[in-house]
Every structure is written in C-alpha cells, then in structure tokens.
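The points below may be read alongside the sequence and the model.

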Amino acid sequence: RMLSDWIGRDAFDAGLVAYLTKHKYGNAVTEDLWVALADASGQPVHTVMKNWITVTGYPVVFVEKINDEKIRVTQKRYLSSAGGMEMEDDTIWHIPLRLQLEGSDEVIVKLLDSRQAEFVLPPHSGWIKLNAGQAGFYRVGYS
C-alpha cells in the first residue's frame, strides 16, 4: 500500500497490468515489476524498494518541528530485538513520507532518501502528522 500511495493508484494499476501482460506466459523476477511500475509512474521505484525487500527490520522516523515552516526528519533502523541496533544501523531507506498539517486535508508527499533531512512546509502553527493515512511501513516518533 505504501508503494501504491506514493506513485498513485492509477500508475500502480497501469504498471501492474503492463507487468502481468508482459509476463503472462513466462517467468519474471522482482526487478521486472519495479521496471513496469517505474515506467508507468516516472518514479525511481527500484531505488526506493530495494532496502524494503532486502534488509531486516524497518525504519523509525523521528520528526522535529524547527519552526512554523520547517521540519527535520531523521531515520533509524528498528529491530524488535535490541541486539546490534546501533552497531548495524547503516541502512538508509528511501521513504515516501506523507505529511498532513493541522487544518488542511491536503497531503504533502516528500521522499526521505538520507539519514536526516529538513523539509520546508507551508506556514502553519499546529500539529504535523507524518504517515498520513498510515500507508507507510515505518514507525514515527515526535519531539
């Protein structure tokens, strides 16, 4: 669902149809699906999905409001067992973030592709909801 929400339902459906049509009488590998979805959406699907399917654990995204127009987000690896979390925390996920601001129905989409990033948002003074719609496969921590 995270991938579908990020590239858009229409692009996801079109990419899936193209993938199934192309491979209906043969074999396929994971990259074939990523190529079809990338072609349909124009987004770097393989780059984003690589760590989601090859790395143990998932990210925790911490968000800090710097001011009324800027936030800082930081990702760390989460494992259900605490062993090795800090020592092995070298994974960087490409995370499609869906943000919603208090008083707005608009969802702002940003791609977090580094350990930490700052994003400029429309001016507001209320709350910020990360993972709007709860489609992303990550946990969120707020400061």
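This is a predicted model: local features need pLDDT of at least 70, side-chain atom pairs count only at pLDDT 80 or more; totals for chains, interfaces and linings use all residues.

1. Exposure classes come first: a residue is called buried under 20% relative accessible area, exposed over 50%, and partly exposed in between. Glutamate 118, with a relative accessible area of 41%, is therefore partly exposed.

2. Strand β1 (residues 58-67) runs antiparallel to strand β2 (residues 70-78), and nine bridges join the two. Between β1 and β2 there are two residues, and the strands form a hairpin. Within this pairing, lysine 76 in β2 is the bridge partner of valine 60.

3. Strand β1 also pairs with strand β7 (residues 139-142); here the strands run parallel and are joined by four bridges. In this pairing, valine 140 in β7 stands opposite valine 61. As a general point, side chains in a regular strand alternate between the two faces of the sheet.

4. Which residues have the most contacts inside the largest nonpolar core? They are Leu3, Val73 and Leu97, in a core of 29 residues. Once neighbours within four places in sequence are set aside, leucine 3 is in contact with Phe12, Trp34, Leu37, Val45 and Met49. In soluble globular proteins, nonpolar side chains tend to be buried together.

5. The structure holds five salt bridges. In general, side chains of opposite charge can pair when their charged atoms come close. One of the salt bridges joins glutamate 64 to arginine 72, with the closest N and O atoms 3.0 Å apart. Glutamate 64 has 34% relative accessibility and counts as partly exposed; arginine 72, with a relative accessible area of 22%, is partly exposed as well.

6. Arginine 72 forms a further salt bridge with glutamate 118, where the closest N and O atoms are 2.9 Å apart. This pair links distant parts of the chain, since arginine 72 lies in strand β2 and glutamate 118 in strand β5 (residues 116-120), 46 residues apart. A network of salt bridges links Glu64, Lys70, Arg72 and Glu118.

7. Another salt bridge is formed by lysine 65 and aspartate 68, whose closest N and O atoms are 3.8 Å apart. Lysine 65 is partly exposed, at a relative accessible area of 32%, and aspartate 68 is partly exposed at 39%.

8. Is histidine 23 buried or exposed? Its relative accessible area is 17%, which falls under the 20% limit, so histidine 23 is buried. Histidine 23 sits in the loop between α2 (9-22) and α3 (30-41). Not counting residues up to four places away in sequence, histidine 23 touches Ala28 and Asp32.

9. Which residues does glutamate 102 contact, leaving aside its neighbours within four places in sequence? The contacts of glutamate 102 on that basis are Gly126 and Trp127. Glycine 126 and glutamate 102 are 24 residues apart in sequence, while their C-alpha atoms are 5.3 Å apart in space.

Terms used: Residues are numbered from 1 along each chain as its sequence is written. Side-chain values use heavy atoms; hydrogens and water are left out. Two strands pair if DSSP finds at least two bridges between them. A nonpolar core is a set of buried Ala, Val, Leu, Ile, Met, Phe, Trp, Tyr and Cys residues joined through side-chain atoms within 4.5 Å. Buried means under 20% relative accessible area, exposed over 50%, partly exposed in between (1.4 Å probe, protein chains only). Contact means heavy atoms within 4.5 Å. A salt bridge is a side-chain nitrogen of Lys or Arg within 4 Å of a carboxyl oxygen of Asp or Glu.
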